[in-house]
Amino acid sequence: AGGGPLLPDSVLYEIFLYLDHVDVLSVGLVCRQWHAVARDEFLWKELFYRYYRISREVPRHPAAVSWYDEFQRLYDTIPCVEVQALKEHNDQVLHLSFSHSGCLFASCSKDCTVKIWSNELEISLQHSSNMRPYNWSYTQFSQFNSDDSLLLVSGVFVGPHNSSSGEIAVISMENFTLLSRVRNKPYDVFGCWLNETNLISGNLHRIGRITSCSVLWLNNAFQGIESENVNVVKRLFKIQNLNASTIRTVMVADCSRYDSPDLLLDYEEQLAASSTCPVFDLGSDSEEEEAKPKQTPEPAVQELPDDGGVTAEDGLQQFFDDIMEGRVRPAMTETELETKVAELFVRNRTKLPELNLLSTDSNSKTKYLIFTTGCLTYSPHQIGIKRILPHQMTTAGPVLGEERRSDEFFDSLDHVIDIHGHIIGMGLSPDHRYLYVNSRAWPRDCVISDPMQPPPIAEEIDLHVFDLKTMKEVKRALRAHRAYTPNEECFFIFLDVSRDFVASGAEDRHGYIWDRHYNICLAKLQHDNVVNSVAFSPVEQELLLTASDDTTIKVWRSPRALRVQQARKPRPRKLLFSWLMNQKS
């Protein structure tokens, strides 16, 4: 309180009204004496819990000096003030991504361009690449590599007979030249960087009407290598898909950073680490919501009933014999029959999963490949996790990947997280410890009888949080944002996570910001249409970008950052001519 609080009297007045025993006159008096009030820790603690409706079991942020400091942080550091609107796109803006240095960011749009922006006091357009000459319909996603020298751009490619697939382009940040292009199917695999020079793409092979195989490829960003001894592509994994599901939305998490997270969300783990690491509990509003987190499924793949040691070949033959002799009851539909045959076929033709993910050495260079998938219907309702070992992170070696036995036709997943709803967005925390997932829930206890007719989905969007070290859901889901499109028209809404905040778009014409510590919604950011994507600056979380169907990119800064920015602007100097005229007079 030495320098005086930064909260305006109007904000203090609103806060104090939450105390039952304080009347309006007293509030006015307190506002005039706010220097003294700022020293009353018990008062501010009471105000904080009541104003934000937080459970009293949630402790104060350990990095905060006082409860007043927390009021000041949650008021003064939220990027909720619109400072600029960028209108260079002429169609829906679908995605935003920052460079790791925070100096640049990229935007993708239905106008089929990817634009590179310079992040200075006034954001300006630096470059625009039109992808229509390459038969692209639109650009949908971008990502800078780890040293910001290359930009991955993903888009929808229009092929022969107007068939739609995906394609990934790699652009050099040195001179904005196109270095390579890689086919990507389905297009909502998006693609991602594995390391500085290698990226992951997908391909899809149909096996039956509702059965397919997804192949994930590792590609060298520099495809023009003139050597027959150097591979530019290598197969990573080959995974069977059942019931019309496919692998989509791939991303990579670095496991080596899990034991030094920016923020711990599990309360018990915080207590254990409190002597060495500033930690904080993710609170909730009621005792019911403080219940134990849901356990994620332990098996990595769908388990089949125990047939008493019968091999897959014998089981498949027995199954066909039962059909021919009428012993299968009740009668199976065509889709059920295809799924059953596919499960029996793949049973002994799948490479076993890797060792327990929870035993990963924190110093290891191992990474996780994370993607959406499913087992019941075509809408993505599960998160698949596959460990990538160090020797797999290069295109060197056989094009079809490491040697495998003839009966290891498919790769199994190392872990599966079931969401019980349609997944419409995913994002990693900066330390890669936590995975945030946007989903729209299915009705409780719903039964899916036809994989081509998934259950109806809720309008409310749930934002789940999963700890990738324990593979468990952390506390309760965040909620405030909404979406309205039905299952068959559902589209991706990108979210982003900073050290202290998580933000997401929504179909209700707003972007949203939550506090990761207290699990509370802090701000709604207005647009004129659907908000598709949000992005925090990786070096300045008080700067946030939002992209919308209204064709604009809005720039939001915190009140504190805005004051600092305005203080940096040079003040206009009086002209020498004006000084001379004054001297004459």
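This tour visits salt bridges in a predicted model.

Local features here need pLDDT of at least 70, side-chain atom pairs count only at pLDDT 80 or more, and totals for chains, interfaces and linings use all residues. Residues are numbered from 1 along each chain as its sequence is written, and side-chain values use heavy atoms, with hydrogens and water left out.

The structure holds 19 salt bridges (a side-chain nitrogen of Lys or Arg within 4 Å of a carboxyl oxygen of Asp or Glu).

**Stop one.** Select Glu 70 and Arg 73. Their side chains form a salt bridge, N to O 3.1 Å. Both residues sit in helix H5 (residues 67-76), 3 residues apart, about one turn of the helix. Helices (H or I, at least four residues) and strands (E, at least two) are DSSP runs, numbered from the N terminus. Glu 70 and Arg 73 are both buried. Buried means under 20% relative accessible area, exposed over 50%, and partly exposed in between (1.4 Å probe, protein chains only).

**Stop two.** Go to Glu 459 and Arg 482. Their closest N and O atoms are 3.0 Å apart in a salt bridge. This pair links distant parts of the chain, 23 residues apart: Glu 459 is in the loop between strand S21 (434-441) and strand S22 (460-467), Arg 482 in strand S24 (residues 478-482). Glu 459 is partly exposed at 36% relative accessible area. Arg 482 is partly exposed too, at 27%.

**Stop three.** Pick Asp 462 and Arg 479. The salt bridge between them has its closest N and O atoms 2.6 Å apart. Asp 462 lies in strand S22 and Arg 479 in strand S24, so the pair ties together parts 17 residues apart in sequence. Asp 462 is buried, with 9% relative accessible area.

**Last stop.** Select Glu 46, Arg 50 and Arg 56. Salt bridges with shared partners join these residues into one network.
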